[in-house]
Amino acid sequence: MRHRPRRLRRTAAIRNLVRETRLHVSELIYPLFIVEGHQIKKEMPTLPGVYQLSIDQLAKEVQELQALNIEHVLLFGVLEADEKDAHGSAAYQPEGLVQRAIRAIKMQALDMNVITDVCLCEYTSHGHCGVLTDEQAIDNDASLEILAKIAVSHARAGADIIAPSDMMDGRIGHLRQALDASGYAEIAMMSYSVKYASNFYGPFREAAKCAPSSGDRKTYQMDYANGAESLKEAQLDIDEGADFLMVKPALSYLDIIYRVKEKTAMPLVAYHTSGEYAMLKMAIKEGILAEDAMMETIISIKRAGADRIITYLAKELARKLQT
Ligand code: PBG
Ligand code: ZN
């Protein structure tokens with residue numbers, strides 16, 4: 001037989017030689033949930049192995065990440081109900097939770113790459129990613145003003161990269177202008193460009209206490225039935241000055257990752273979301289799937305075209321990669 005593809009699968013060394021996709025630890029971004037309080041390290045019931053941390057825990061956490069060579073974190077602030085208001089004003093206070101967390105991380109490790117999620121849902125009493133009009137509709141353009149204040153305050157606190165996740169129209173251009181005007185022209189933006197209204201954010205909304213109190217996010221996040229629209233959203237963000245594009249979620253959207261990667265020259269990030277993580281973890285815990293399903297999942301996201309991956313699996317994968 002002339003063609004025998006099995007020749008290249010014969011030994012582990014040959015398989016290593018022809019392997020197309022490899023994961024490197026520097027490609028992983030680890031999300032952190034920050035809460036007020038002291039000595040808090042609280043595991044999330046629906047996200048085993050993922051914790052809410054108070055600021056005094058961050059030095060230790062960062063040391064652990066550095067020991068694993070993880071060099072990128074994505075910060076989320078988790079507020080109590082009494083700290084929230086209709087306009088999310090807690091989000092842009094100079095002494096706000098995320099602002100203090102950024103400084104605490106930088107104090108411990110100046111070279112830790114600090115990416116901050118910029119959105120309103122963790123800070124608004126109604127839990128929407130924008131502010132509301134009197135008729136309870138999203139006020140897109142009023143939201144932009146507040147998002148800009150948040151972005152600038154994160155940059156002022158020392159964030160390296162701003163990651164807007166709100167999905168308001170025109171936010172990337174608006175935030176770029178605001179950052180430039182405030183002296184942060186060199187602070188990059190990692191836009192949640194292609195973000196679907198997905199069921200796979202469920203556990204996150206519990207961990208970040210940011211579920212909308214009424215309605216859903218379908219007037220701003222994308223319809224999961226749409227593919228071509230991802231190219232439109234990606235192009236708008238490129239035109240408005242985004243430095244990275246993102247597709248979110250990841251595993252049910254590998255076609256979208258592939259399309260966006262093929263059509264743009266941008267660094268592409270995929271967000272392996274809380275629901276995707278929870279499903280995998282549960283199946284492994286129950287003995288339904290083997291542990292290697294974690295690596296298979298993340299490799300498949302990379303193989304589809306994602307350059308970088310935000311994942312709650314980062315530590316476990318980093319440990320695997322060290323052996
Ligand atoms: C906030 C935000 C969400 C996620 C990241 N940023 C939730 C949402 O949009 O409802 C989801 C992350 C995950 O599920 O892991 N806008
Ligand atoms: Zn939001």
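Is K281 buried or exposed in this predicted model? At 17% relative accessibility, K281 counts as buried, where buried means under 20% relative accessible area, exposed means over 50%, and partly exposed lies in between (1.4 Å probe, protein chains only).

This is a predicted model in which local features need pLDDT of at least 70 and side-chain atom pairs count only at pLDDT 80 or more, while totals for chains, interfaces and linings use all residues. Residues are numbered from 1 along each chain as its sequence is written, chains are lettered from A and ligands numbered from 1 in the order in which they are written, and side-chain values use heavy atoms, with hydrogens and water left out.

**The chain as a whole**

The chain holds 11 helices and 10 strands. Helices (H or I, at least four residues) and strands (E, at least two) are DSSP runs, numbered from the N terminus. The radius of gyration of the chain is 20 Å, close to the 20 Å that the globule rule gives for 323 residues, so the chain is as compact as a globular protein of that length. That radius is taken over C-alpha atoms, and the globule rule is 2.2 Å times the number of residues to the power 0.38. Along its principal axes, the C-alpha trace spans about 75 × 45 × 40 Å. Of the 323 residues, 54% are buried.

**Salt bridges**

Side chains of opposite charge can pair when their charged atoms come close. A salt bridge is counted here when a side-chain nitrogen of Lys or Arg is within 4 Å of a carboxyl oxygen of Asp or Glu. By this rule the count comes to 14 salt bridges. The table shows some of them.

| Pair | N to O distance |
|---|---|
| K315 and E61 | 2.8 Å |
| E95 and R103 | 3.1 Å |
| K281 and E316 | 2.5 Å |

The salt bridge between K315 and E61 links distant parts of the chain: K315 is in helix α11 (residues 314–322) and E61 in helix α2 (residues 58–67), 254 residues apart. K315 is buried because its relative accessible area is 11%, and E61 is buried because its value is 6%. E61, E64, K315 and R319 are linked in a network of salt bridges.

The side chain of K281 meets that of E316 in a salt bridge. This pair also links distant parts of the chain, with K281 in helix α9 (residues 274–285) and E316 in helix α11, 35 residues apart. E316 has a relative accessible area of 24%, so E316 is partly exposed.

E95 and R103 form another salt bridge. E95 counts as exposed because its relative accessibility is 53%, whereas R103, with a relative accessible area of 32%, is partly exposed.

**The zinc site**

Which residues coordinate the zinc ion (ligand 2)? They are C119 (SG), C121 (SG) and C129 (SG), at 2.2 to 2.3 Å. Donors are N, O and S atoms within 2.8 Å of the metal (3.2 Å for Na, K and Ca); water is not among the atoms, so sites may look incomplete. The site has 4 donor atoms, with angles of 99 to 119° among them, and is tetrahedral. Four donors count as tetrahedral if all angles lie between 85 and 135 degrees. In sequence, the donor residues of the zinc ion (ligand 2) are spaced C-x1-C-x7-C. C121 counts as buried because its relative accessibility is 5%, and C129 is buried with a relative accessible area of 1%.

**Backbone features**

K248 and P249 are joined by a cis peptide bond, with omega at about -10°. P249 has its place in the loop between β8 (244–248) and α8 (254–263).

N69 is not a glycine, yet its phi is positive, at about 65°. N69 sits in the loop between α2 and β4 (72–77) and is partly exposed, with a relative accessible area of 46%. M167, not a glycine either, has a positive phi of about 70°. M167 lies in the loop between β6 (161–164) and α5 (171–181); with a relative accessible area of 5%, M167 is buried.

**A nonpolar patch**

On the surface, L8, L17 and V18 form a nonpolar patch with about 300 Å² of accessible area together. Patches are made of residues with over 30% relative accessible area and no salt bridge: like charges are joined within 9 Å, nonpolar side chains (Val, Leu, Ile, Met, Phe, Trp, Tyr) within 5 Å. Accessible areas come from the Shrake-Rupley method with a 1.4 Å probe; for residues, only the protein chains shown count as cover. L8 is in the segment before α1 (12–18), and counts as partly exposed because its relative accessibility is 49%.

Notes. Four donors count as tetrahedral if all angles lie between 85 and 135 degrees; four count as square planar and six as octahedral if opposite donors are over 155 degrees apart and all others between 65 and 115; anything else is irregular.
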